[in-house]
Amino acid sequence: MYKTRKEELLNLIDESTLLAPLITEMIELEEQLDYLRTLPKIKVHPKDPGRQKATPAAKLYKECLQQYMNMIRILMRATGTDIDDEESPLRKWFSAHVDS
């Protein structure tokens, strides 16, 4: 069965109402990143190829990518899939009191 990207991400968070707006923002950011990937990232001086500078698209891509990675970290922590971090005290308390 084919799922949309939104359905796929909402399934990860069990459609939590707190994180649902983040999913919508992530999808919009993914679309923006896809578009920015198609644009040139470097301007090369026509007479001196050694002189180069980043385009506004490159700077915007970098900023959007950072936002996207932050959203990924939030989702990973919220869903408990952040395996690099040890379990936080809040998550331990929540597990002890809600799962019981």
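Residues are numbered from 1 along each chain as its sequence is written, and side-chain values use heavy atoms, with hydrogens and water left out. Because the model is predicted, local features need pLDDT of at least 70 and side-chain atom pairs count only at pLDDT 80 or more, while totals for chains, interfaces and linings use all residues.

The protein chain has four helices and two strands, in the order α-α-β-β-α-α from the N terminus; helices (H or I, at least four residues) and strands (E, at least two) are DSSP runs, numbered from the N terminus. Buried residues make up 21% of the 100 residues in the chain, where buried means under 20% relative accessible area, exposed over 50% and partly exposed in between, with a 1.4 Å probe and protein chains only.

The helix α3 (56–79) has 24 residues, which at 1.5 Å a residue should span 34 Å, and its end C-alpha atoms are 35 Å apart, which agrees; the expected span is 1.5 Å times one less than the number of residues. Its buried residues, including Tyr61, Tyr68 and Leu75, pack against α1 (5–12), α2 (20–37) and β2. After α3 comes Gly80, whose phi is positive, near 80°.

Leaving aside neighbours within four places in sequence, Met26 is in contact (heavy atoms within 4.5 Å) with Leu9, Tyr68, Met71, Ile72 and Leu75.

Thr55 lies in the loop between β2 (52–54) and α3, and it counts as buried because its relative accessibility is 7%. Not counting residues up to four places away in sequence, Thr55 touches Pro40, Lys41, Ile42 and Lys43. Two of the distances in the model are set out below.

| From | To | Distance |
|---|---|---|
| Side chain of Thr55 | Backbone oxygen of Pro40 | 2.8 Å |
| Charged end of Lys41 | Centre of the ring of Tyr61 | 5.4 Å |

The charged end of Lys41 sits over the ring of Tyr61, a description that requires NZ of Lys or CZ of Arg within 6 Å of the ring centre and within 35 degrees of the ring normal.

Key
A polar contact is a pair of N or O atoms within 3.5 Å; within protein, one must be able to donate a hydrogen and the other to accept it, and residues adjacent in sequence count only if both atoms are side-chain atoms.
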